[in-house]
Amino acid sequence: MNTNKNIVTLLALFTIALVLGQEKEDIGTETVTVVKPYAPSVSDAFKIKTQPVIEDSIALQKKPIKYSIFSVPVASTFTPAKAKASTVKKTPPPRLYNSYAAVGLGNYNNALVNFYTSREIGRDENLLDIGLDHHSSRGDINSTPLETDFYHTDLDVTFTKRDRDYDYGVGLDLGHQLYNWYGLQSGVYTQEEVDAINEQQNYFSAGANAYINVEDSFFKNADLKLNRFWDHLKSAENSAALSAAIELPITTEMVTIKGRVDYVGGEFANASLNSTDNDEGIAYGQLIAGINPSFLVLRDELTLKLGANFVYGMDLERSNGSFYIYPAVTASYRIMEDQVIAYGGIEGDLQQNSYKTLVAQNPYVSPTLEIQPTDMQYHAHLGLKGQLLSNFGYNFKAYYKAENRKPLFLLNPENSNRSDEGYAYGNSFQVFYDDVKTIGAFGEINVDVNRNFSLGINAEYNHYNTETDNPAWNLPQIQASVFMDYQISDNWFAGANLFYVGEREDLQAVATAGLFPNEFPSTQVTLDSFFDANAHLGYRFNEQLSVFAKFSNLSNRNYQRWSNFYVQGFQALAGISYKFDF
């Protein structure tokens with residue numbers, strides 16, 4: 001009851017206060033002066049102790065524990081070894097020698113001599129390189145009564161300088177080749193006529209060259225080649241070729257502009273064997289000037305080169321010229337990174353021919369040639385290449401070519417009116433120019449079976465269509481080769497090369513006064529296909545000294561490389577090579 005009375009009293013007082021607060025009364029204004037700013041402080045709060053004191057007589061007291069150590073001395077002789085960091089054993093790099101020499105001798109009186117040295121000049125990266133190569137044979141071939149000797153000797157001297165921003169070089173090369181026109185038809189000539197034939201031919205060459213490559217400049221490179229080529233039958237040829245390239249940036253891409261000037265001129269003292277009279281020689285001069293701008297586009301997996309080739313060719317002897325425009329477009333696309341790459345293009349050019357380049361292809365040509373450039377209108381190709389595995393690479397392509405004035409080697413007619421010339425017995429070759437269209441395919445596979453054994457196989461097929469409806473003289477439709485190298489052990493090494501060449505067509509004719517060359521009595525002949533195998537074997541005594549043996553024509557077949565030009569049979573050559581510092 002007392003509680004209830006107190007509650008009622010409080011409610012009454014609260015009600016009276018509310019009533020009084022509602023009255024409107026002016027309470028006036030009052031000024032408050034702050035003497036000291038308020039500075040609050042924090043007092044210690046009450047904390048509960050982690051181990052509160054328990055005032056209970058029943059609680060047990062902890063009994064103090066005392067520890068003691070009983071020490072017994074132990075004798076120890078263990079001495080830990082110092083730790084060493086684990087390292088990978090490195091194979092020392094092979095020592096490089098600046099000079100090399102090799103000498104070999106074999107049957108058919110075959111001889112081989114090679115020498116090379118590279119010497120530093122001064123403290124800068126200046127190098128003087130000297131190389132000498134010689135290969136000769138003085139053996140006879142039973143299928144011909146004429147001499148079959150040959151030898152080939154080259155001497156090269158080159159000086160090069162390398163700097164951070166550029167490099168350049170100058171060089172000199174000299175050469176001498178000896179061959180014999182020994183390809184006589186069997187059973188046609190008497191021994192007296194054979195003895196009267198002078199079948200020997202000598203070629204000589206002297207050339208100079210210079211080049212420069214520049215880094216971090218719009219001018220990229222330049223190359224100059226000068227050469228004189230002649231024989232001992234009063235034939236001579238001079239040639240000069242200059243090429244250069246510049247690069248200009250356009251936005252984020254690069255434009256490359258290549259230019260060239262190519263001159264060939266010379267004369268033959270003797271007339272063509274298609275003429276029964278040797279009344280005048282043959283003079284020729286060809287000048288080619290061209291410019292090739294191209295634009296390179298790089299987009300992710302695509303590489304595209306867009307360009308054109310503008311060429312002017314002039315026949316200086318006839319004082320006439322022609323202007324040519326050729327495509328220059330190539331592209332490649334990575335379908336599967338390096339495993340599958342598709343590539344293709346279409347290109348064309350005016351290609352210079354010369355006495356020297358034709359002799360390099362067939363040394364049995366007569367010194368009575370007509371020299372003209374080849375107009376390759378276009379060469380279109382499409383292929384796939386790549387590396388399926390780390391040790392397996394391939395390349396397959398198909399192509400189509402259209403060439404005007406393509407040089408083909410054709411037997412010279414037998415010309416009895418010029419029997420004083422050793423190449424007039426149907427035992428030499430002329431150059432027959434024809435317009436040829438070629439459809440072909442090429443395939444190549446390279447396999448590294450292991451780090452010591454590599455194998456390569458390639459094959460090519462061509463189908464020719466000529467403007468004259470003649471066969472593509474001396475061009476095979478099928479060619480194939482297999483090559484392999486095997487490092488048998490640290491000392492023994494070996495290798496082999498097998499190749500196949502398909503059938504070829506040629507023409508045997510007799511020059512007749514009063515008739516045109518296409519009217520000469522003639523017989524078309526087919527040269528059999530041939531297979532040949534070569535091998536080599538060697539042994540290294542140490543890093544410097546080795547012995548080797550080379551074997552050629554292992555099948556011992558007396559096949560014809562050119563019409564009536566039979567090759568030597570089985571050949572074996574053994575020699576020694578030595579590396580040294582000089």
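This section describes strand pairing, salt bridges and a surface patch in a predicted model.

Strands β16 (residues 429-450) and β17 (residues 453-466) run antiparallel and are joined by 14 bridges. Two residues separate β16 from β17, and the pair forms a hairpin. Within this pairing, F442 has E460 of β17 as its bridge partner. Strand β17 also pairs with β18 (residues 478-486), again in the antiparallel sense, over nine bridges.

Eight salt bridges are found in the whole structure. One of them links D315 and R318, with the closest N and O atoms 2.7 Å apart. R318 is exposed, because its relative accessibility is 52%. A network of salt bridges connects D315, R318 and E370.

E403 and K406 also meet through their side chains in a salt bridge, at 3.5 Å from N to O. Both of these residues are buried. A further salt bridge joins D165 to R164, and its closest N and O atoms lie 3.8 Å apart. The relative accessible area of D165 is 35%, so D165 is partly exposed. R164 reaches 72% and is therefore exposed.

A nonpolar patch on the surface consists of L224, L226, L242 and V261. Together these residues have about 320 Å² of accessible area. L226 belongs to strand β7 (residues 219-231). Its relative accessibility is 43%, so L226 counts as partly exposed.

Definitions and conventions
Residues numbered from 1 in each chain as written. Predicted model: local features only at pLDDT ≥ 70, side-chain atom pairs only at ≥ 80, totals over all residues. Heavy atoms only, no water. Patch = residues over 30% accessible without salt bridge, like charges linked within 9 Å, V, L, I, M, F, W, Y side chains within 5 Å. Areas by Shrake-Rupley, 256 points an atom, 1.4 Å probe, with all protein chains shown as cover. Salt bridge = Lys/Arg side-chain N within 4 Å of Asp/Glu carboxyl O. Helix = DSSP H or I, 4+ residues; strand = E, 2+ residues; numbered from the N terminus. Buried < 20%, exposed > 50% of the residue type's maximum accessible area, 1.4 Å probe, protein only. Pairing = 2+ DSSP bridges.
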